[in-house]
Amino acid sequence: MKYALFYELAADGLAKVAEQLPGHQRRMAAFHAAGTLLMAGPYGAPPVGALAIFTTREAAEEFVKEDPFVVHGVVSTYTIHDWAEALANAH
C-alpha cells in the first residue's frame, strides 16, 4: 500500500510559488532521502495541483504539517488517499 497526497492550488497560489518553492523543495528532498517520498510533482498546464506518493500515511501527514506550500497558502486544500499500486509486483 502507498499513500497519494493531492494538493489543490489556491486561487492566488501561483503568485506565491516562487517565494515558497525553495523550502518546499528542501522538504521534498529530505523526505525523499529518508525513503518515505517516492515521487512528486505538479499536474495540469498551467498547474492546478500536485501529487505525491508516500510509503506511509504518517509520512504524508508529517510532510503536510510544515510544508511551506500549505503553511503559506500556495495550496488551498489537500487530501491523502490509500493507493493500491496495481503494477508494483508486475514483471
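User: Which residue forms a salt bridge with Lys-2, and how far apart are the closest N and O atoms?

Analyst: Glu-85 is the partner, and the closest N and O atoms are 3.2 Å apart. A salt bridge here is a side-chain nitrogen of Lys or Arg within 4 Å of a carboxyl oxygen of Asp or Glu. Before we go on: this is a predicted model, where local features need pLDDT of at least 70, side-chain atom pairs count only at pLDDT 80 or more, and totals for chains, interfaces and linings use all residues. Residues are numbered from 1 along each chain as its sequence is written, and side-chain values use heavy atoms, with hydrogens and water left out.

User: Thanks! What does the Glu-85 and Lys-2 pair tie together?

Analyst: Lys-2 is in strand β1 and Glu-85 lies in the segment after β4 (75-83), so the pair ties together parts that are 83 residues apart in sequence. Helices (H or I, at least four residues) and strands (E, at least two) are DSSP runs, numbered from the N terminus.

User: How many salt bridges does a search of the whole structure find?

Analyst: The search finds four. One of them joins the side chains of Asp-82 and Arg-57, at 2.7 Å from N to O. That pair links distant parts of the chain, with Asp-82 in strand β4 and Arg-57 in helix α2 (residues 57-65), 25 residues apart. Arg-57 is partly exposed at 26%, and Asp-82 is partly exposed at 48%.

User: Which side chain meets Lys-65 in a salt bridge?

Analyst: That's Glu-62, at 3.4 Å from N to O. Lys-65 is exposed, with a relative accessible area of 59%, while Glu-62 is partly exposed at 34%.

User: New topic: strands. How do β1 and β3 run?

Analyst: Strands β1 (residues 2-9) and β3 (residues 49-54) run antiparallel, joined by six bridges. Two strands pair if DSSP finds at least two bridges between them. Tyr-7 stands opposite Ala-50 in β3.

User: What about β2 and β3?

Analyst: Strand β2 (residues 37-43) pairs with β3 in the antiparallel sense, over six bridges. Here Tyr-43 stands opposite Gly-49. The two strands form a hairpin with five residues between them, and Gly-44 in the turn has a positive phi of about 95°.

Technical notes. Buried means under 20% relative accessible area, exposed over 50%, partly exposed in between (1.4 Å probe, protein chains only).
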